[in-house]
Amino acid sequence: MSPRPDVSEARKNQILDAATSVFIRMGLHKARVDDIAGEANLSKGAVYWYFKSRDEIIIAILDRLFEREFRGLRELQSNDRPALERLEHFITLTIEDIQEWMRLLPIAYEFLGLVFHKKFVQQSFRKYFQTYTEHLTVIIQQGIDNGELRPYDAKDAAITLGAIIEGTILLSIYDPDAVDIPKHIKTGTQIYFDGLKVR
């Protein structure tokens with residue numbers, strides 16, 4: 001008899017997909033585990049089998065979102081192409097992901113609101129920021145070391161690049177008619193890259 005397949009990852013993703021839909025539709029504060037279970041076509045007990053609390057579901061959603069971005073950065077970090085080319089490719093990938101992020105934007109900013117009140121959310125975002133910055137810092141430092149990029153502090157340069165992306169997304173919330181996220185991320189980062197590269 002062949003062993004039974006492990007369905008735990010598939011089941012977890014089913015719950016996280018359902019939770020994401022519920023959070024977008026109802027908001028974080030109104031959504032209950034009952035709502036998530038109903039969306040996933042599972043019993044409440046089945047949801048609690050995989051996630052001990054609603055907070056644990058929130059952390060898992062954040063981890064899943066961040067891991068996708070980290071995977072791309074890890075691949076670029078170990079690539080042997082010129083640093084500037086890798087950074088430009090990272091921006092291309094980021095712009096391609098914008099559509100998915102826009103779908104999640106309502107809950108993304110609810111998550112940010114929780115940073116002020118929930119220690120576990122603050123820790124998750126801090127870990128994201130630190131990991132994101134570390135990967136970009138390595139790529140920028142590689143470019144500085146090989147003479148391709150100007151000798152700025154690599155970590156400061158990495159934080160600045162992240163600020164252009166995150167700031168553009170935030171400005172689009174203030175005035176969506178004035179800010180075109182893909183266009184203005186591309187414009188802002190091109191100005192940034194022009195200043196970073198050696199003449």
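Contact means heavy atoms within 4.5 Å. This is a predicted model: local features need pLDDT of at least 70, side-chain atom pairs count only at pLDDT 80 or more, and totals for chains, interfaces and linings use all residues. Residues are numbered from 1 along each chain as its sequence is written, and side-chain values use heavy atoms, with hydrogens and water left out.

**Exercise 1. Describe the whole chain**

Task: Say how many helices and strands the protein chain has, and what percentage of its 199 residues count as buried.

Solution: 
- Step 1. Count the elements. The protein chain has eight helices and zero strands.
- Step 2. Take the overall dimensions. Along the principal axes, the C-alpha atoms fill a box of roughly 60 × 50 × 30 Å.
- Step 3. Apply the burial cut-off. Of the 199 residues, 38% count as buried.
- Step 4. Look at sequence separation. Among contacts with a separation of 6 or more, 69% join residues 24 or more positions apart.

**Exercise 2. Compare the directions of α4 and α5**

Task: Work out how the axes of α4 and α5 are oriented to each other.

Solution: 
- Step 1. Recall the description. Two packed helices are described by the angle between their axes and the distance between the axes.
- Step 2. Read both values. The axes of α4 (residues 54-77) and α5 (residues 83-114) come within 11 Å and cross at roughly 175°. Axes are lines fitted to C-alpha atoms, for helices over the stretch in contact, and angles run from 0 to 180 degrees between N-to-C directions.
- Step 3. Classify the angle. Under 35 degrees counts as roughly parallel, over 145 as roughly antiparallel, 65 to 115 as roughly perpendicular and the rest as oblique. The two helices are therefore roughly antiparallel to each other.
- Step 4. Name some of the residues. The contact includes Ile58, Leu62 and Phe66 of α4, and Phe90, Trp101 and Phe111 of α5.

**Exercise 3. Explore the core**

Task: Find how many residues the largest nonpolar core has, and which helix gives the largest share.

Solution: 
- Step 1. Define it. A nonpolar core is a set of buried Ala, Val, Leu, Ile, Met, Phe, Trp, Tyr and Cys residues joined through side-chain atoms within 4.5 Å.
- Step 2. Count. The largest one has 58 residues, and Phe23, Ile57, Leu87, Phe111 and Ile140 have the most contacts inside it.
- Step 3. Find the largest share. Helix α5 supplies it, with twelve residues.
- Step 4. Follow one residue. Beyond neighbours within four places in sequence, the contacts of leucine 87 include Leu136, Ile140 and Phe193.

**Exercise 4. Examine valine 179**

Task: Locate valine 179 and decide whether it is buried or exposed.

Solution: 
- Step 1. Locate it. Valine 179 lies in the loop between α7 and α8.
- Step 2. At 18%, valine 179 counts as buried.
- Step 3. Check one distance. The C-alpha atoms of valine 179 and threonine 168 are 7.6 Å apart.

Technical notes
Helices (H or I, at least four residues) and strands (E, at least two) are DSSP runs, numbered from the N terminus. Buried means under 20% relative accessible area, exposed over 50%, partly exposed in between (1.4 Å probe, protein chains only).
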